[in-house]
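Subject: The structure I promised

Hi,

Have a look at it first, then read on when you have a minute.

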Amino acid sequence: METTHLPHLPDHPLHICLFEQVQNASFLRRQLLEGNTDFEYAFLDASVLLSKNHVLASCFRSINDLLNNRLKTRNVHSEIVFALSPNSNIAESFRRFGLSDDSKNIVAIKVGGDRAKIEEHLLANVEGKAVELTDEALAGMHDAARIRKIYRLEAPKKGEVNVLSRESEALLLGSMALKGS
Amino acid sequence: MATETTSQRPLPAPFNNSTDSLTLITQGAEALLYKTTFLTPTTPAALKIRPSKPWRHPTLDKRLTRQRILAEARVLAKCKRDGVSVPAVLALDWENGWTVSEWIEGVTVKEALRKRNLEEGDSAVQSLMQRIGHAVGTLHSIGVIHGDLTSSNMMLRQDPTTHGTLDGDIVLIDFGLATQATQEEDRAVDLYVLERAFGSTHPREEALFGVVLEAYGGVYKGARATLRRLEDVRMRGRKKSMLG
């Protein structure tokens, strides 16, 4: 698990962990649906995450919206899932970016709290292999076609491999920043 | 606390509580531009702040700030999507009046021309002029008018190896006055503003401005017609109608 601070948000440390080959996504999802307060995390499905910046931009917007008392969802963690979406449909954003019963690779994020306790709790409850969240790791997990569809990026030209370039990150972050305007 | 250089105004949230460096780069009538970091401590970014104007009615002030931030961000997003080289928008907050965008490493075209090595001859300038014409043509081809084309609103993306030369890709910046328009007249006036600004800022290079227009003329269908319209604009100036 990695603990990091976003620039300009010194009071909101982020605890981030990427889990590979998760076996119990449906259990984790149930905890969220039941409102189990021990599971106040943002759980993201790595198949729709372009890059680490994509994730961090969502965290920045959510914490900034929290500080301005304008969350659209229950708490900062659900807001991180929502903030990834280019539109304001909350249910759809959870479906697309949150856990589904067959999620395989997931990113867990906790804003604030005691690092040691969070790490222990996550490692004890997520049945998967904890690895570092990097662009390379995400590149091997994400579904470029789905990301293109969600953010309405142009389809690759015929014959081109469907990979997402560095430029597409700018388009994703732009869509997220303009959401709700 | 954030390191603030020469700005007396308090920064908007969350930057007022920042422990990261914020360096004032430039200040215009509408906005302050800081260099800072974003998302990671090693990613440089540009923070544009539109401070509230105390003489305006608070409701109007909020509305104008919101409109202008969103208009600029939408144009930048459109440019990105349509392949015009502009800084990426990374985050914004229309209530607090700020936008964070990608930091472009390099110099403005104005600086590059002022500091150029005069012994190098005109070929490097000509190449630069071609790139400018191409950049503006591409912008116009997607229906965006910059509104304030000057050599300080164009950057050359450079790294340490190209520093001090006229090499580098053109990146258009400061879309604060940009509009989306498809009228030939608007495009011609955009070019006219650039032509006039260029002539007064760079008298030494003014004679080479034709290269910009020449390159522009080949970029999109209709560019030639815009250039013909530019001739009319030159005859009468920027304002079309003297009435009203």
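Predicted model: local features only at pLDDT ≥ 70, side-chain atom pairs only at ≥ 80, totals over all residues.

**Chain A overall**

Chain A has 8 helices and 5 strands. Going along the sequence, they come in the pattern β-β-α-β-α-α-α-β-α-β-α-α-α. Along the principal axes, the C-alpha atoms of the chain fill a box of roughly 50 × 35 × 30 Å.

Of its 181 residues, 54% are buried. If you take contacts between residues at least 6 apart in sequence, 72% of them join residues at least 24 apart. The chain exposes about 8,400 Å², with carbon and sulfur atoms supplying 48% of that area.

**The cores**

As a general point, nonpolar side chains in soluble globular proteins tend to be buried together. In this model the largest nonpolar core has 56 residues.

What does A:Leu6 touch, once residues up to four places away in sequence are set aside? Its partners are A:Leu14, A:Leu56, A:Cys59, A:Phe60, A:Ile63 and, from chain B, B:Leu39. There is also a second, separate core of 52 residues, which includes B:Ile69, B:Leu113, B:Leu149 and B:Val193.

Back in helix H2 of chain A, have a look at A:Ser58 too. Is A:Ser58 buried or exposed? A:Ser58 has a relative accessible area of 0%, so it counts as buried. Leaving out neighbours within four places in sequence, A:Ser58 is in contact with A:Ile80, A:Ala83, A:Leu84 and A:Met176.

**Salt bridges**

Side chains of opposite charge can pair when their charged atoms come close. Over all chains, the count comes to 25 salt bridges.

- A:Arg29 pairs with A:Asp101, with the closest N and O atoms 3.3 Å apart. This pair links distant parts of the chain, 72 residues apart: A:Arg29 is in helix H1 (residues 25-33) of chain A, while A:Asp101 is in the loop between helix H4 (90-97) and strand S4 (106-111). A:Arg29 is partly exposed at 30% relative accessible area, and A:Asp101 is partly exposed at 47%.
- B:Arg229 and B:Glu184 meet at 3.3 Å, N to O. They are 45 residues apart, with B:Arg229 in helix H6 (residues 223-236) and B:Glu184 in helix H4 (residues 184-201) of chain B. Both ends are partly exposed, B:Arg229 at 22% and B:Glu184 at 26%.
- B:Asp82 forms a salt bridge with B:Lys78, the closest N and O atoms being 3.2 Å apart. B:Asp82 is partly exposed at 35%, and so is B:Lys78 at 24%.

Chain B also has a network of salt bridges, which links B:Glu30, B:Lys48, B:Arg50, B:Arg68, B:Glu72 and B:Asp174.

**Aromatic rings**

How many aromatic pairs does the structure hold over all chains? The count is 9. One of them is B:Tyr216 with B:Tyr220, an edge-to-face pair with 5.6 Å centre to centre and 85 degrees between the planes. B:Tyr216 has 0% relative accessibility and counts as buried. Why does B:Tyr220 count as buried as well, at 13%? The cut-off for buried is under 20% relative accessible area, and B:Tyr220 has 13%, so it qualifies.

In chain A, ring pairs link A:Phe27, A:Phe39, A:Tyr41 and A:Phe43 into a cluster.

That's the lot from me.

Cheers

Technical notes: Residues numbered from 1 in each chain as written. Chains lettered and ligands numbered in written order. Heavy atoms only, no water. Salt bridge = Lys/Arg side-chain N within 4 Å of Asp/Glu carboxyl O. Helix = DSSP H or I, 4+ residues; strand = E, 2+ residues; numbered from the N terminus. Buried < 20%, exposed > 50% of the residue type's maximum accessible area, 1.4 Å probe, protein only. Core = buried A, V, L, I, M, F, W, Y, C linked by side-chain atoms within 4.5 Å. Contact = heavy atoms within 4.5 Å. Areas by Shrake-Rupley, 256 points an atom, 1.4 Å probe, with all protein chains shown as cover. Phe/Tyr/Trp six-rings, centres within 6.5 Å; stacked < 30°, edge-to-face > 60°.
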